[in-house]
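Hello,

Here is the model we spoke about, with the sequence alongside. Please open it before reading on.

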2 protein chains.
Amino acid sequence: MARERKFSNEELFRLVKKMLLQHGYEGFHFGLLAEQLDISRGALYKYYENKDELITDFMLFEMQLFIGDLAQIENQGDFEAQFDFLMKLIFDKAEVHQLISVVQQMGSSSNDKAKVSKERLEKLPLEMYHYLQSFISLGKKERKLKEHIPDSVMLGLIFQSIAIPNHFGIPKSVWVESIKEIISKGMFAHS
Amino acid sequence: MARERKFSNEELFRLVKKMLLQHGYEGFHFGLLAEQLDISRGALYKYYENKDELITDFMLFEMQLFIGDLAQIENQGDFEAQFDFLMKLIFDKAEVHQLISVVQQMGSSSNDKAKVSKERLEKLPLEMYHYLQSFISLGKKERKLKEHIPDSVMLGLIFQSIAIPNHFGIPKSVWVESIKEIISKGMFAHS
DNA sequence: AATTTAAGTGACACAAGTGTAACTTAAACT
DNA sequence: AGTTTAAGTTACACTTGTGTCACTTAAATT
């Protein structure tokens, strides 16, 4: 019916991700994106009204992928296996955490359409928590997790651990194992 | 020798802090700052060549205050008291963590002077770690802390814990105590 | 081959922030 | 009172990104 597009959605999202991670929210703009896609800036406005709408769309896509991975936690056997799975997933998909922090930099949109999907976007962390509720419940039910600590503190700390800056370049395996140990058994020696 | 300044350094830094926390790095600009100080934008250029230089200057000031507080950890008695002091300090001065993340958003400066002090700035987290080295050493020496976990992982996790988002509005005291418990003794129940 | 239609282009007006420099103002010193 | 000096103002030129719209292009349909 019409000429074919010069770029695919995959290519677009791949570049958006790369640019967001590289330059952050402020450094991301249509000019740069268009250049990398080898199209004119104006063409992008055929698909997205503005930057926020594009980023929001991308994030919904990206987060749904991540939540898809996360959902597999239920097939991991006992509680310890689920814990290991979760930690591995988080450290393998470290970018997700960075991308979430980009969203929080997004100012309040002028656009109405963008506002709606941004609200959806802000609910995604909560949705993630919801998916993990069964994991925490299992742990508490099996008396593997301390029952007096609120679920959200546990999940928050687990997810935040990905963002600890490794200033001294500790090898990844040592790094991850150390964090897992602290989270599960603490940094205090047994007395 | 000349007319007196319409604003003090304290007032300036107070506003810079407020604006950085409220609007982030990108939302911070001379126009807004000048308006709040009730001076013209041009006047600010008498003191700082650009935004990065001002922010850098402010951050050095702010961090030195924080490091000053931190240094008092040595007067806190035994290891447990030092641990409690550190956690309390971090949660009382939560803004510091936010401010540090602002710095990481600063692009590479064009200005030479700014570049130099920005390098100094990026070393500050390391300097902080250095100040806390004695605390960790004490803990390990007294066999209160697990010796096989690298210092930087412990300190990183402690500092990062301030950034865990409290999506569900858990009361502060419960929140802080829960985090302290996980960090020190883990989230796993004793078997 | 002519027509339709969506993809893509390029120029324009706009907005917001930047940095500069000539100028004005007011305090302090002679 | 006159001079000096730093503080502050204002206007200007510049840069970078935004959003729009009339226009061109190329694939598919008839």
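My notes on the chains, their pairing and one lysine follow.

This is a predicted model: local features need pLDDT of at least 70, side-chain atom pairs count only at pLDDT 80 or more, and totals for chains, interfaces and linings use all residues. Residues are numbered from 1 along each chain as its sequence is written, chains are lettered from A and ligands numbered from 1 in the order written, and side-chain values use heavy atoms, without hydrogens and water.

**Chain A**

Chain A has nine helices and zero strands. Both are DSSP runs, numbered from the N terminus: H or I with at least four residues for helices, E with at least two for strands. The C-alpha atoms fill a box of roughly 70 × 35 × 30 Å along the principal axes. Of the 191 residues in chain A, 48% are buried (under 20% relative accessible area; exposed is over 50%, partly exposed in between; 1.4 Å probe, protein chains only). Take the contacts in chain A (heavy atoms within 4.5 Å) between residues at least 6 apart in sequence: 65% of them join residues at least 24 apart.

Charges next. Chain A carries 24 positive and 27 negative side chains, and the centres of the two sets lie 2 Å apart. Lys and Arg count as positive, Asp and Glu as negative; His and the chain ends are not counted. Each charge is placed at NZ of Lys, CZ of Arg, CG of Asp or CD of Glu.

**The pair**

In the interface, 42 residues of chain B contact 42 residues of chain A. Together the chains bury about 4100 Å², 70% of it on carbon and sulfur atoms. Buried area here is the accessible area (1.4 Å probe) that two parts lose on being put together, summed over both. Lys146(B), Met187(B) and Phe188(B) supply 19% of the area that chain B buries against chain A, more than any other three residues. The copies meet through the same surface, because 100% of the interface residues of chain B are also interface residues in chain A.

**Lys93(B)**

Lys93(B) sits in the loop between helix H5 (79-92) and helix H6 (94-105) of chain B. At 31% relative accessibility, Lys93(B) counts as partly exposed. Leaving out residues up to four places away in sequence, Lys93(B) touches Phe66(B) and Asp69(B).

Best wishes
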